[in-house]
Structure formats: C-alpha cells, structure tokens
Amino acid sequence: MEKHTVTFSATVLGTPRIGPRRELKRAIESYWAGKVDQVELAQIARTLREQHLIELRDAGLDSIPVGTFSYYDHVLDTAVLLGALPERVAGITDELDRYFAAARGDATVTPLEMTKWFDTNYHYLVPEITPDTTFALAPEKLLGELAEAVALGISARPVVVGPITFLKLSKAVGSSGSGSGSLLDRLDEIVPLYADLIGQLGAAGAEWVQIDEPALVTDLTAAELDYVRGTYDRLAAVAGRPSILVASYFGDLGAALPVLAGTAVDGIAIDLVAGTGGVDSLAGVPALANKLVVAGVVDGRNVWRTDLDAALSTLGTLLGSAGTVAVSTSCSLLHVPYTLDVEPDLDDNLRSWLAFGAEKLAEVTVLARALNNGVETVSAELATARDALANRRSDPRLHDTTVRARLDALGPDSSRRAPAAERRVKQSERLDLPALPTTTIGSYPQTSQIRVARAARRKGEIDEAEYVRRMQSEIADVVALQEKLGLDVLVHGEPERNDMVQYFAEQFDGYFATANGWVQSYGTRCVRPPILYGDVVRRNPMTVEWITYAQSLTSKPVKGMLTGPVTILAWSFVRDDQPLADSARQVALAIRDETVDLQAAGIRIVQVDEPALRELLPLRAADKPAYLDWAVEAFRLSTSGVSDATQIHTHLCYSEFGEVIDAIAGLDADVTSIEAARSHMEVLDDLNAVGFDLGVGPGVYDIHSPRVPSIEEIVVSLQAALKAVPAERLWVNPDCGLKTRGAAEVEASLHNLVEAAILVRAGL
C-alpha cells in the first residue's frame, strides 16, 4: 500500500485556540453583538492560527497539529464535518449563524446539550443523531486550515475526532432509542466519510493525519473492540492515504491497545502521564515494533514541571517496544494556559516548579533532542529541572502541621448529620417557605460597573472602603430586583467574586491565583484555574460580611454561597505530590469553618456548590468507587458542622449524572439543584431510581443560551418535574448561575420563572 513514511520526533496532540490574550473570545462576542462582521471575524481567526503555527514551528516541533482551531467546540465541528447538525437549525441559511445556533441557541432554536469532555473541565456540545440523520462530508474547514499551514511551509498534521469517539459521545434521539452505545451501529455510514476525508487530506499535502479516539481509554465491550478493529482496518486500507496516527489520552488504552496495534495504522499516541499501566503495558504488544509510538510524557493537563530524568527513563524503556518513538504531550494543551511569561506575581520558587503551554513545548523539544542526540546535549536543561524539583520538595509551604493535626483529630461522626426527615421538620419551621419555592443558583450578571470597580481597585485608583461601598451597592440592587420579582429565597449576586473557585483560592494559604492563566471552559467562556501548590488553610472568614449585608436588606432568607471541595480541586491545577483525597480534606475543612461562621452570623441557608462532582469521575469502572467515596466524604465534612435547622443546598450542572446518582444522594444535602433544562428532566428518573427523598431543584431555565424561556414552557417543565418529585420537595430555579447573561434577559427570564411557579403552585 502506498503511503507516506516520513516520521517525526517532537509534537503536541493539540493546542489552545482562544488566543494568548483571549483575542478569539473577544472577536466572537463582538460578532454576536453585531460589532464585527464575518469577514473581520475570519481574519482575526486566521491571524491567530498563523501566528500560532509559526510559534510551534519555531519552538522546535517537527509535526504540528492543525484543525484544532474552533469558533466554539471541536465536537460540534465534527458534527458539522459529518453533516450531523440537528434538523431544527437547518432553516438558518447562514453557515456560521447556523453553527452558533446549534451551540448556544437563539430566540427560536434550543441549543445542543452541553457536558464535560471526559474527566476534564472542558465542555463539549453533544451531537444529536436521529434515525433520519443523513451524514455527508463537509471537509472545507479542515482542508482550509491545512492549506494555511502548507502555504507557510509547515509540516502540518490534520486532527479530527475519530468515528468511535464521535458516536460514543453523541446522543441517540427519536425512535432510534436512548444511549450512545447503539449508535456505533452507524459506523458503516460515517467510516466511508472518514476514508474520503483522509484521501482528500493526503492529496492536499498531509503526510500524517491524527484521529483522536479518547473514548478508547474507557471500558469497552468485546463488541465495541470489534468496532474499533473493523473501523481502523477499513481506514488503513484507503489507497494512497497519508500515515494515520490514532491518538488516545486521559488514561490507558487497555484492551484497545493490542486491537489498534493489530491494524495497519502507522502510529499510536499513548498517554504515559494519566495512564497507570505505563510502558510496562506496551511490552506485551509485539505489533508496536512496527509502529510509531507518540509518547505522552509531558503532562498536557496540569502545570507542573516535568521530571525530565524520569521522562527520559520512560522513553528509553519504550524504545525497546516501539518501532519509532516521538515525544509529545499527554493530551492537547487546550487545558493549560499559554505561557508563564505573563505572570508577574509568581515568586521565583513557585515559578521554577511550573510549566504552562510554552514551557511544555520546550520540555518536549528538550526530551526529543536528548533522545535523538544524547543526554549530554541537554545537560544544562536537565540540571535546571533537577534543581527545581529539589527546591519544591523542600519548600515549607507544602506542609502545614496545624491543618494536618486538625484533620487527624477528626472523629468518625465529623461528617454526619441527623436523618433528613428530622432536619426537614426543623428547617420548615425556621424558613416557612411556600410550596415550589423559587430561587436562583448564586451569581447575577457582572455589570460594567463591577468590572470597572475591580480594575480600579487592582490599579490602586480606589481604596478598599470605596470598593466595598460599590459592591454593596450592587448587592442592594440585586436584592431589590429579587424582591420585585417575588423570588422566595434570595442570593447576594456575588459581585465581589471574579470566579467561584479563584475567589476562594485567593484567600487560602497554599494557593496561587494567576493573573493571565486563561483556559477555555466552553465556547467563549474562559477561566483562570488557580494553582494549589501547598497545604490549604483558611486565614479568615471569606464571605460572611457580604452575605450578612445582603441579609440585612430583606426579611427573606439569603443563601450563603460557597464552592465545594471537589469543585475547588477540579477547577484548579492541583499539586501532584500527594493523593487528591488528602487535598480534598484540607479544602473541606476550610469550607466547613466558613459554614459554621455563616450560621453563627444568622444565615439560615448555606449552599455549597459541587458542579464538578461528575467531572473528576475516573474513566474506568474499577477506579470509580474509591473516588466517589472520598468525594462524598469531603462534601459531607464541609457541610456537617452546622445545626440541623440550617438548610444545606448544593448545585450540580452540565454532566451526565447517571453514573454518580448514588453519590448525589450520598451528599445528603437538604436541597440539590441540578441541570435539567437541556436534558428535559431526564435526571429525575435517575434520582427516583435510587430512592432520592431530599429536596431537588431541576433547572427550568437554560442559562447557557441567550433565549428567554416563556412562562408556558417553564410550566410544562414543572409539570413534568412534579410527575417525578412531590411538590413538598420540589424547588424552582435556573440551571446555573447568571453571571454570563445580560441583565435584561435575566430579569425577563426570572419573571417568567416566578410566574410559572405561581401558576403551577395554584394548581396543586
């Protein structure tokens, strides 16, 4: 079979696309606001892509991924590539507007569901496949980005989400049934499109094509492994094709490794950071002796400097199993910030321990040079890495004896409360709420005045007292709005919080909050995950003054708003020198202290949000129970210091909850608000299946879409919810916080939410 045989030695599996200064985010949002047109948006995007290609080439990579750029989400891009957008957007004639309508909806179109990309904090759009879906190849985007690289003389490797992963992540809708596993029966419809695509990419100058199959690191049945074998046998048989690299990440390939190696694909990318099997698992696969193995020895998901000596040892061992070895990141660099160069406030020690995107590129090329030219050619770099690792191990900030002693002293009852039924009686007497109480999740729109005040405080243009005065004014406005709308349980709106994790991290010892460490969460939503590098200690109360000020403005209960320990870890870059469970207990103890202080200040409801509970769930079934045990224990530790009369709420969003439904019940929160608008209340059946008998607020308003839900559709959602949840346990709330929405749409949506609750309440 004729194909390219050119190999490479240094690469990454993917790259970020928001721009080093979030240029793409701003351009897209300007397009949505009508401030730039499609021509301007396309030019900004092209400039960013070309600049990034040149930077990767100049960093020393000899194979550069292309096609990883996206205006919103790479899984949505794959749905476009395969002609698999939902029928409800078909009437939108403009291609880009149709794309964005599928992503975020518009006044008349509901968007696709959104959920987490494996066990990361990146969100993808869930493709919908119906019996009537007719797949058709639309390769223009990928071919165009390849052409840009070819024009720059860059050795480009097109990247596409693979057919197995695409179908396993999609949702079957309509009479084809539910669940994504059955969709693999439709491989016969899309594999020919992939074959066509591979041929076109080869004709356009691609020497390698990367097909991403992270679904292969999950538990696969024998039938699914047969699908893998058949798919890649067919793709490897494409005449005149470029070389095929199948990329896996986020764990071990396990049983899929010998299956892939037994096909005629030319290379396999293997995650040697998250994969617990390591190189030993490769030794028993003789077919790898004829393959390129792209060794993911540089962590693409966390920010710690690589132990170069250990990585070189791994690479040396791998040379005995593989035909050829290339050095790479473990996964795409989508999950880490661009560079340390824009972090002015890092102390020298902490800076030396870290590697963001640019620094990881340097590590990849150093390792490749050592592999190809000998370790003596990179002796200086190896010495620097050794010194940094030794410095980190000896830093006293990593071990706080006080917090460790407090945790050791906790008894077995430290995470238990009275039975839920007993708590419910006391809370009902104290709160005196109507049936179907209405509330919101926590945050309200961040106004321009808030951003101006935050910037002025940071620059020293206003003092702390003036900043507090301005934030209190914002809180007063939010409380007044909620009173006007008629909500039953209020929030203070969180104007003082830049982010629900960073806000707390900035007040913990053991954490560092970056200035410009932006990563993409979904679409144009970017976050700055703080860095947990040492033992976690709460220095002082963090929220009490803000919440008690809001409570002083109303007789209605105002919720204390906190972020739970699992989510704080999930949305941080966490130290890798101790078990995650140990860090979770430290954070839980800090949050516990805050709940106790809020109760002492007279706050009757405390919400401890855990939207990331599902996100950290291991991808293999065998590893899940241990995670769920410590995650539930950490939440209960953080919430069990208060009395039975204090109502504990939690919030979960945008995940497939089925696998953690027992854990959700195990959290033992008095009220759980949960995403349900896009998934049409499906989660309630899962809750009922495990005998869930606590309060629940299934979201009736999708805040990730700009559309305002009507009273009628919220009534329909509530009536559906009442079929699964009795009225005395049902709450009415949006899916998530309102921070990213506009003030006018929020007011209109919440007005409709309250009116719908009143109508349904009257009919009880």
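In which loop is Leu436 found? Leu436 sits in the loop between α15 (420-431) and α16 (448-459). Helices here are DSSP runs of H or I with at least four residues, strands are runs of E with at least two, and both are numbered from the N terminus.

Before going on, the basis. This is a predicted model, in which local features need pLDDT of at least 70 and side-chain atom pairs count only at pLDDT 80 or more, while totals for chains, interfaces and linings use all residues. Residues are numbered from 1 along each chain as its sequence is written, and side-chain values use heavy atoms, with hydrogens and water left out.

Back to Leu436. Its phi is positive, about 50 degrees, although Leu436 is not a glycine. Most residues other than glycine have a negative phi. Leu436 counts as buried, at 0% relative accessibility. Buried means under 20% relative accessible area, exposed means over 50%, and partly exposed is in between, with a 1.4 Å probe and protein chains only.

Glu494 is another residue other than glycine with a positive phi, near 60 degrees. Glu494 is found in the loop between α17 (464-485) and α18 (502-505), and at 9% relative accessibility it counts as buried.

Now the seven-stranded sheet. It is open, its order is β1-β5-β7-β8-β9-β10-β11, and its pairing is parallel. Two strands are taken to pair if DSSP finds at least two bridges between them. β1 (64-66) and β11 stand at the edges with a single partner strand each, so one side of each has no neighbour in the sheet. From one strand to the next, the twist averages 30 degrees. Helix α7 (residues 187-203) packs on this sheet, touching β5 (156-161), β7 and β8, and its direction makes about 165 degrees with that of β5. Contact means heavy atoms within 4.5 Å. Axes are lines fitted to C-alpha atoms, for helices over the stretch in contact, and angles run from 0 to 180 degrees between N-to-C directions.

Why is strand β8 described as largely enclosed? Five of the five residues of β8 (residues 243-247) are buried, so the rest of the structure largely encloses this strand. Ser243, Leu245 and Ala247 point one way from β8, and Ile244 and Val246 point the other way.

Next, the neighbours of β8. Strand β7 (residues 208-212) runs parallel to β8 and is joined to it by five bridges, with Gln210 opposite Leu245. β7, helix α8 (residues 222-236) and β8 form a right-handed β-α-β unit. Right-handed means that, with the strands pointing away from the viewer, the path from the first strand over the helix to the second runs clockwise. From β8 the chain crosses through helix α9 (residues 256-261) to β9, and this crossover is right-handed too. Three bridges join β8 to β9 (residues 267-271), again in parallel, and Val246 has Ile268 as its bridge partner in β9. β9 is in turn joined by five bridges to strand β10 (residues 292-298), also parallel, where Val294 is the bridge partner of Ala269.

A loop residue by β11: Ser321 lies between α10 (308-318) and β11 (324-329). Ser321 counts as buried at 15% relative accessibility. Beyond its neighbours within four places in sequence, Ser321 is in contact with Leu282, Ala283, Leu288 and Ala289.

There is also an open sheet of three strands, in the order β12-β15-β17, with mixed pairing. β12 (508-512) and β17 (573-574) are at its edges with a single partner strand each, so one side of each is left without a neighbour in the sheet. Two bridges join β15 (residues 531-538) to β17 in parallel, and Ile531 has Phe573 as its bridge partner in β17. Helix α21 (residues 580-600) lies across β12, β15 and β17, at about 40 degrees to β15.

How many cavities of 30 Å³ or more does the structure hold? Three. A cavity is a set of points, on a 1 Å grid over the protein atoms alone, where a 1.4 Å probe fits but cannot get out, and its lining residues have an atom within 4 Å of a point. Grid points are joined across faces, edges and corners, and the volume is the space filled by probe spheres set on the points. The largest cavity has a volume of about 550 Å³. Its lining has 35 residues, of which Met500, Arg525, Trp571, Cys736 and Gly737 lie nearest its centre. The largest share of that lining, three residues, comes from β16.

Key
1 Å grid on protein atoms, 1.4 Å probe; cavity = no way out; pocket = protein on both sides within 12 Å on 5 of 7 lines; lining within 4 Å.
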